[in-house]
Amino acid sequence: MQWRKLRASFALHSRVLDQAGLLFRASVSVQHPIQGSLAFSNERQYRTMPTHGIGKYKHLLPKEAPKKKKERQQMKQIKTATDAEYGTLNVKVSGYDMILVEHYSQYIHNLCNRLGVKVAESYALPTKSTEVMVMPEQGTKMYVDAILKTHERIVQLSQLNATLCPTFMEVLLKNQPEGIQLSVKLHTEADYQARFKARPELEGLMAQMT
Amino acid sequence: MFLSLMGVDGHVSQGPWFASVLTLKTSAPLRAEPKKKKKVDPRREQMVRERLKKKLKKLERVPPELIPIEDFTTPAKYMDETRVRGAPQLPFEESERRALLLKEWSRYKQTQHRAEMEAVGLAVEAQREALEELRLESEELYQAALRPDPLLFPFNHQGPSYTPPKAQYEAPEGKYNNITKVYTQ
């Protein structure tokens, strides 16, 4: 008798659990159709509990694109001049004194941020070393007088308003430190390629192919 | 066509090396038939081309590297730990004076910056008002005023110098050599 009662109670219990499980599985499959398949793949005891998956939060976060380890440096699109704005401009700051050059380029960057001009990129070009050879008054042999290093920094602006441009240029010119050359040019692909190392083998093969 | 040594004048020659002067000097390869083109040749050219293409593909797969900038690498002689100098011990008044000087300087620079930003704001506002007036005058001129100036670029400007250039200055003879290091991948 007791055993039969136990069996009956067990049957009821299992029926309730099954119903709960079915309900939960249905809800799981409705909300997370991807995870519903996993629920059926491995049979684990506690998946039938109503608190299953209570700690899940990753499905609520925004989806991140998978990170590629090697990110190839793609050239940013060179914008052309429109009716009211200039295209991609390169503001090049060059000089012999690295500190002044750096500080001036930082000043330009901050000014652009403040005035609302979009800065596409801000990078440095490789330093150029120039050897000054001097011919003495007595004698014919030239000797090395000094090595001058020219540092260059570039601030790339993308959308400069044509009305804001004269004010912007005036501010730049007023704050130009001594010995620093400022040059503003349009950005070209040749400028972008000049930043990379030369590949003589590739160029040789290309010449051979054509 | 190719005359044989035996046939033309009837003289019996003792070999290809002893022909008379009147005959056409023909050598063995000349007398032979034209060379048959080997079937392997176009295939060989194709193979060479395929090899070149494969090499190109391999090289192109490697992304180009940026030239390293010498400014950003500290030279080795500054990393020498034996030459480190400790901070000097300042008396109290000196450190106080320096702190107060820094505050004065920052206040001065702040007023300068504020004045600059105000000036920029005023200039932009004045420009905007002028453009509004122009718009009321004529729409065409307004549109022309908004357009960017193509003759502005390239723009170069030298910074000021401490001293003006000397009137009659004779520079010593010499020349400049470019010794920038060329990097290849």
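**Contact between chain A and chain B**

In this predicted model, the side chains of B:Asp71 and A:Arg153 meet in a salt bridge, with 3.0 Å from N to O. A salt bridge is a side-chain nitrogen of Lys or Arg within 4 Å of a carboxyl oxygen of Asp or Glu. The count between chain A and chain B is 2 salt bridges. Residues are numbered from 1 along each chain as its sequence is written, chains are lettered from A and ligands numbered from 1 in the order in which they are written, and side-chain values use heavy atoms, with hydrogens and water left out. Local features need pLDDT of at least 70 and side-chain atom pairs count only at pLDDT 80 or more, while totals for chains, interfaces and linings use all residues.

The contact (heavy atoms within 4.5 Å) takes 65 residues from chain A and 53 residues from chain B. The area buried between the two chains is about 5300 Å², and carbon and sulfur atoms give 64% of this area. Buried area is the accessible area (1.4 Å probe) that two parts lose on being put together, summed over both.

Strand 2 of chain A (118–134) is joined by 5 bridges to strand 2 of chain B (residues 174–178), and the two run antiparallel. Strands (E, at least two residues) are DSSP runs, numbered from the N terminus, and two strands pair if DSSP finds at least two bridges between them. Within this pairing, A:Thr130 stands opposite B:Asn178.

Notes
Helix = DSSP H or I, 4+ residues; strand = E, 2+ residues; numbered from the N terminus.
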